[in-house]
Amino acid sequence: MSGSAEEVKKHIDVYMKVAGALAVGTVVTVLASFVEVGVALGIVIALIIALTKGSLVVAFFMHLLEERSRAIRWTLALTVVFWFVLMLVPLFTMMDHTGTPKTLPNANASESHAEEAH
Amino acid sequence: MEIPYTVTARPDTGLNNVKLGIWLFLASEVMLFGGLFSSYVLLRVGAVEWPAGADFVNIPIGTFNTAVLIGSSVTMVLAYASLKLGDLAKFKTYMASTVLLAVLFLLVKSYEYYEKISHDHLPSHGTFLAIYWTMTALHGLHIIGGVAVNGYLWGPGSSMFHTKRDQFIGRVEAAGLYWHFVDLVWIFLFPVLYLL
């Protein structure tokens, strides 16, 4: 944020608009969770709203929109890359287990108890 | 000994050390919480059944706490803007509001934890509860850290405004970046743990 009083006052107007948008986004997130759209679509909708709200916070409250430093931009770019790698771990794990039936923990407990009784 | 480049930019990075330091710290925080979000996805897709968040958590209370935290982010950025305008009194008002809203968030969260403990919804009683407690407690620790730093900047730390104003503004900016990050984490935690 630059130092002139005019600029700062303009920023304050923007902050109030962003605050309003975040409040609306929170209400929409809660309302959307009550709409019966299925789990997968529900997750997509909730994450889109969260991403929108998060982007507003980062862009305006954290002033990333006007950040010109290459050091910060590179740091964040690398962070995003490694974050995606982290998120790919569950995907690779899922792929590794494709076709393997899921079982509840202790799903065979009754059978093993029966065997022990014999 | 004077710590170099707290206000002026380093020639090699083009930034002062405070700003570069806080962004590097936040990058490490993204990976910390990213690891937990990744674990959440792994546990959820691997589970035979997953409880709806509403079975264990109170959505109206969570929504209220979201509004409280967003409100504290707004007062934090207004505190910073007040300093840029040279108005220490307004800064103190907004910073006090930020700290009070953070304390309110912690009180509400403590009530939620109390409810869970009294219903025997402990981390050891299910995968959802384990990841819920881990993520919200880690986030809560970050809130406590923010309260300590913001409380210091509001109280004894604010005397620097009269002696080293630019350095003080830099400190508040860094604390603000941290605080908005804590808000950002909650913006994702809320739908993930309460609504999905």
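**Figure 1. Chain A and its two domains.** Domain bounds here come from an automatic or database domain assignment. For chain A, that assignment gives domain 1, covering 1-67, and domain 2, covering 69-98. Keep in mind that everything shown in these views belongs to a predicted model. Taken over C-alpha atoms, the centres of domain 1 and domain 2 of chain A lie 23 Å apart. As for what chain A is built from, count 4 helices and 0 strands. Start at the N terminus and you'll read the elements off as α-α-α-α. Chain A has 118 residues, and 15% of them count as buried.

**Figure 2. H1 and H2 of chain A, side by side.** Here we zoom in on a helix pair. The axes of H1(A) and H2(A) come within 10 Å and cross at roughly 170°. An angle over 145 degrees counts as roughly antiparallel, so H1(A) is roughly antiparallel to H2(A). As for handedness, H1(A) passes H2(A) in a left-handed crossing. On the H1(A) side, the residues that meet H2(A) include Val14(A), Tyr15(A), Val18(A), Leu22(A) and Gly25(A). Their partners in H2(A) include Gly42(A), Ile45(A), Ile49(A), Lys53(A) and Phe60(A). Sort the residues of this contact by class and you get 13 nonpolar, 5 polar and 1 charged.

**Figure 3. Where chain A meets chain B.** Now for the place where the two chains touch. Chain A puts 40 residues into the contact, and chain B puts in 37 residues. On the chain A side, the elements that give two or more residues are helix H1 (5-33), helix H2 (39-61) and helix H3 (70-96). H3(A) gives the most, with 13 residues. By class, the chain A side of the contact divides into 27 nonpolar, 11 polar and 2 charged residues.

**Figure 4. Val30 of chain B, reaching across to chain A.** This view picks out a single residue at the chain contact. Val30(B) sits in helix H1 of chain B. Leaving out residues up to four places away in sequence, Val30(B) touches Thr79(A) and Trp83(A).

**Figure 5. H1 and H6 of chain B, another helix pair.** Two packed helices are described by the angle between their axes and the distance between the axes. For H1(B) and helix H6 (residues 165-195) of chain B, the angle is about 15° and the axes are 10 Å apart. Angles under 35 degrees count as roughly parallel, and H1(B) and H6(B) are therefore roughly parallel to each other. Their crossing is right-handed. From H1(B), the residues in this contact include Val18(B), Lys19(B), Ile22(B), Glu29(B) and Phe33(B). Among those they meet in H6(B) are Gly170(B), Arg171(B), Leu177(B), Tyr178(B) and Phe181(B). The contact of H1(B) with H6(B) has 11 nonpolar, 1 polar and 3 charged residues.

**Figure 6. Ala9 of chain B, ahead of the helices.** For this one, head to the segment before helix H1 (17-46) of chain B, which is where Ala9(B) is found. Setting aside its neighbours within four places in sequence, Ala9(B) is in contact with Gly14(B), Leu15(B) and Asn16(B). Ala9(B) has 14 C-beta neighbours inside 10 Å, so it counts as partly exposed. Ser124(B) is 115 residues from Ala9(B) in sequence, and their C-alpha atoms are 49 Å apart in space.

**Figure 7. Stepping back to chain B as a whole.** Chain B has 6 helices and 0 strands, and its pattern along the sequence is α-α-α-α-α-α. Along the principal axes, the C-alpha trace of chain B spans about 60 × 35 × 25 Å. Of its 196 residues, 39% count as buried.

Technical notes
Residues are numbered from 1 along each chain as its sequence is written. Chains are lettered from A and ligands numbered from 1 in the order in which they are written. This is a predicted model: local features need pLDDT of at least 70, side-chain atom pairs count only at pLDDT 80 or more; totals for chains, interfaces and linings use all residues. Two residues are in contact if their C-beta atoms, placed from the backbone, lie within 7 Å. Ala, Val, Leu, Ile, Met, Phe, Trp, Tyr, Cys and Pro count as nonpolar, Asp, Glu, Lys and Arg as charged, and the others, Gly among them, as polar. Axes are lines fitted to C-alpha atoms, for helices over the stretch in contact, and angles run from 0 to 180 degrees between N-to-C directions. Angles under 35 degrees count as roughly parallel, over 145 as roughly antiparallel, 65 to 115 as roughly perpendicular and the rest as oblique. A crossing is left-handed if the near helix is turned anticlockwise from the far one by less than a right angle, and right-handed if clockwise. A residue is buried if 20 or more other C-beta atoms lie within 10 Å of its own, exposed if 12 or fewer, and partly exposed in between; C-beta atoms are placed from the backbone.
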